[in-house]
Amino acid sequence: MSPEQGNLANASGNTLERAVQSVFQSKGFTIINYRTWANAKARYGEELLLLNAPYTSIYGHQGRTEFLATSVRYSFEIRIECKWQQSNGSVDEKLPYLYLNAIEAMPENHIVIVIDGNGFKPGAVSWLRRAVKERVYTYKDNDNKLIEVLNLREFFTWANRILR
């Protein structure tokens, strides 16, 4: 990947993340870095969208997802991962790793994967949707996990439904 392609990919991915942030902010959520919040939880409210939320990956390493939404009003804790692929690249090759982390390593029982862009290899996104729907791979007692795969339009619809 050339430096120009890398810059475009980062900018496009950031646009997807900003769209997610905009939705939560419009619903009254405070957006803050996870580390800042963890060091002073009492300073912040009960409706939060935490950035760069940590977890321990299936490899035993420190992993981070874009968001962890926590809400007292709506009674949820939802981890949100964003994947954008505008042109040929390697994001789609990371989807099985993302899926396994979602079912095995991410501690929350509700995980939303926002995935969009026209650059994924044919079959990549449909594989992820099928894996989630059919629980292609299972781990321990993860049947209580709800994992959703949404494009940006579907995410907006989802957010409008759950954030009433």
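Which residue stands opposite Ile111 in β6? In this predicted model, the residue facing Ile111 is Ile147. The strands β5 and β6 run parallel and are joined by five bridges. On β4, β5 has another parallel partner, with seven bridges between the two strands; here Trp84 stands opposite Asp116 of β5. Six of the seven residues of β5 are buried, which leaves the strand mostly covered.

β4, α3 and β5 together make a β-α-β unit of right-handed sense. Within helix α3, which spans residues 95-104, the buried positions are Leu95, Leu98, Tyr99, Asn101, Ala102 and Ile103. The cover over these buried residues includes β2 (47-56), β4 (76-84), β5 (110-116), α4 (124-134) and β6 (146-150). Asn101 is also touched by Ser57, whose other contacts beyond four places in sequence are Gly63, Tyr97 and Ala105. Ser57 is located in the loop between β2 and β3 (62-71). Its relative accessibility is 7%, so Ser57 counts as buried.

The largest nonpolar core comprises 23 residues, and Phe24, Ile80 and Phe155 have the most contacts inside it. Two or more residues of this core come from each of α1 (3-26), β2, β3, β4, β5 and α5 (152-162). The greatest contribution, five residues, is that of α1.

Ten aromatic pairs are present in the structure. The ring centres of Phe24 and Phe29 are 5.0 Å apart and the planes stand at 85°, so this pair is edge-to-face. Phe24 and Phe29 are both buried. Tyr99 and Trp127 are likewise paired: with centres 6.0 Å apart and planes at 80°, the arrangement is edge-to-face. This pair links distant parts of the chain, since Tyr99 belongs to helix α3 and Trp127 to helix α4, 28 residues apart. Tyr99 and Trp127 are buried as well. One aromatic cluster is formed by Phe24, Phe29, Tyr74, Phe76, Phe155, Phe156 and Trp158.

Side chains of opposite charge can pair when their charged atoms come close. Five salt bridges are found in the whole structure. In one of them, the side chains of Arg79 and Glu108 meet at 2.5 Å, N to O. Because Arg79 lies in strand β4 and Glu108 in the loop between α3 and β5, the pair ties together parts that are 29 residues apart in sequence. Arg79 is buried, with a relative accessible area of 1%, and Glu108, at 5% relative accessibility, is buried too.

Lys121 and Asp92 form a salt bridge at 3.4 Å, N to O. It ties together the loop between β5 and α4, which holds Lys121, and the loop between β4 and α3, which holds Asp92, across 29 residues of sequence. Lys121 is partly exposed at 41% relative accessibility, whereas Asp92 is buried with a relative accessible area of 6%. A network of salt bridges links Asp92, Glu93 and Lys121.

Glu154 and Arg129 also meet through their side chains in a salt bridge, at 2.8 Å from N to O. The pair links helix α5, where Glu154 lies, with helix α4, where Arg129 lies, 25 residues apart. Glu154 counts as partly exposed at 24% relative accessibility, and Arg129 is partly exposed with a relative accessible area of 30%.

Definitions and conventions: Residues are numbered from 1 along each chain as its sequence is written. This is a predicted model: local features need pLDDT of at least 70, side-chain atom pairs count only at pLDDT 80 or more; totals for chains, interfaces and linings use all residues. Side-chain values use heavy atoms; hydrogens and water are left out. Buried means under 20% relative accessible area, exposed over 50%, partly exposed in between (1.4 Å probe, protein chains only). Helices (H or I, at least four residues) and strands (E, at least two) are DSSP runs, numbered from the N terminus. Contact means heavy atoms within 4.5 Å. A nonpolar core is a set of buried Ala, Val, Leu, Ile, Met, Phe, Trp, Tyr and Cys residues joined through side-chain atoms within 4.5 Å. Rings of Phe, Tyr and Trp (its six-membered ring) pair if their centres lie within 6.5 Å; planes under 30 degrees apart count as stacked, over 60 as edge-to-face and the rest as tilted. Two strands pair if DSSP finds at least two bridges between them. A crossover is right-handed if, with the strands pointing away from the viewer, the path from the first strand over the helix to the second runs clockwise. A salt bridge is a side-chain nitrogen of Lys or Arg within 4 Å of a carboxyl oxygen of Asp or Glu.
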